[in-house]
Amino acid sequence: MKARLGDCEVDLGARELRRGEQAVHLTPKAFSLLELLLEKRPDAVSKDEIHDRLWPGTFVSGVNLATLVFELRQALGDDPHHPRVLRTVRGFGYALQVEEPPAAPSAAGVGPCCRLIAARREIDLREGENVLGRTPEAVVWIPSTSASRRHARILVKGGSATLEDLGSKNGTFVGERRIDAPTALADGDSIRVGDALFVFRVLSPDTTDGALPPVTDLGRSRRGGTEA
């Protein structure tokens, strides 16, 4: 599980922070602070919650947390006076503020791209694995308790895609059908993950916005023809 923080990348599974090809050292407590802030991103985390996670049942001075924040900012290359990544919420705590770089425009003739259309957003799917769920590093982040942290994934290869449930509690649906094996997606299929609805599209470089389904069509599937 990886996440991008400015010009750094953090791997939660390996408990590693890297800037480019260079590994950046963090003490275990500082990495635990980073992990907590990533879990709650973009929400701010109170000093009390940080204390309970890092020093449960133990009294420590406020200097301890300030020292960890300083260490984390140094590791991330973040300026405390003009923070780009780690923001101080005065009188409350801290928050990660990471601006994702804008997607590069598609060049004509590069072939089709895969996209998920939701009521309020559109998500371009990258080649390879695209995780859907509550985990902060998901390509399709779903901030709802009805979705598991790693709920499902879409594997994209060229202009085709396969949807797979990752052992979620509430299941993954294509149309009205709950899938129990990797399922090939067709242009126009509806997908339900928890209470989040999407329409899967395969778009050519010259597709215009007028070719996309209106919001009222979300939840309808070419396979099922009814709302998911």
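Which side chain does the side chain of Arg-201 make a polar contact with? In this predicted model, the partner is the side chain of Asp-187, at 2.6 Å. A polar contact here is a pair of N or O atoms within 3.5 Å; within protein, one atom must be able to donate a hydrogen and the other to accept it, and residues adjacent in sequence count only if both atoms are side-chain atoms. Arg-201 sits in strand E18, residues 196-203, and is buried, with a relative accessible area of 11%. Buried stands for under 20% relative accessible area, exposed for over 50%, and partly exposed for anything in between, using a 1.4 Å probe and protein chains only.

A few ground rules apply to everything below. Residues are numbered from 1 along each chain as its sequence is written, and side-chain values use heavy atoms, with hydrogens and water left out. Since this is a prediction, local features need pLDDT of at least 70 and side-chain atom pairs count only at pLDDT 80 or more, while totals for chains, interfaces and linings use all residues.

Now for the overall picture. The chain has 228 residues, and 40% of them count as buried. Its secondary structure comes to three helices and 18 strands; these are DSSP runs numbered from the N terminus, with helices (H or I) of at least four residues and strands (E) of at least two. Among contacts with a separation of 6 or more, 45% come from residues 24 or more positions apart, a contact being heavy atoms within 4.5 Å. As for confidence, pLDDT (the predictor's confidence in each residue, from 0 to 100) has a chain mean of 83, and 83% of the residues reach 70 or more.

On to the interior. A nonpolar core is taken as a set of buried Ala, Val, Leu, Ile, Met, Phe, Trp, Tyr and Cys residues joined through side-chain atoms within 4.5 Å. The largest one holds 30 residues, of which Val-10 and Leu-33 touch the most other members. Strands E1 (2-5), E2 (8-11) and E7 (93-96), along with helices H1, H2 and H3 (62-76), each supply at least two residues of this core. The top contributor is H1, with seven residues. A second, separate core has 22 residues, including Leu-116, Ile-123, Val-156 and Leu-163.

Next comes a sheet. Five strands form an open sheet in the order E11-E10-E12-E13-E16, with mixed pairing. Its edges are strand E11 (140-141) and strand E16 (183-184), each of which pairs on one side only. Two strands are said to pair if DSSP finds at least two bridges between them. E10 and E11 pair in the parallel sense over two bridges, and Gly-133 stands opposite Trp-141 in E11. Strand E10 (residues 128-133) is also joined to strand E12 (residues 152-157), antiparallel, by five bridges, with Leu-132 standing opposite Ala-152 in E12.

Finally, the charged pairs. Side chains of opposite charge can pair when their charged atoms come close. With a salt bridge set as a side-chain nitrogen of Lys or Arg within 4 Å of a carboxyl oxygen of Asp or Glu, a search of the whole structure finds 10. One of them joins Arg-53 and Glu-39 at 2.8 Å, N to O. Arg-53 belongs to helix H2 (residues 47-54) and Glu-39 to helix H1 (residues 28-40), so this pair ties together parts that are 14 residues apart in sequence. Arg-53 is partly exposed at 39%, and Glu-39 is partly exposed at 31%. Arg-18 and Glu-16 meet at 3.2 Å, N to O; Arg-18 is partly exposed at 25% relative accessibility, and Glu-16 is partly exposed at 30%. The bridge between Arg-115 and Asp-124 spans 2.8 Å, N to O. Arg-115 counts as buried at 16%, whereas Asp-124 is partly exposed at 42%. Elsewhere, Glu-129, Arg-150, Arg-153 and Glu-164 are linked in a network of salt bridges.
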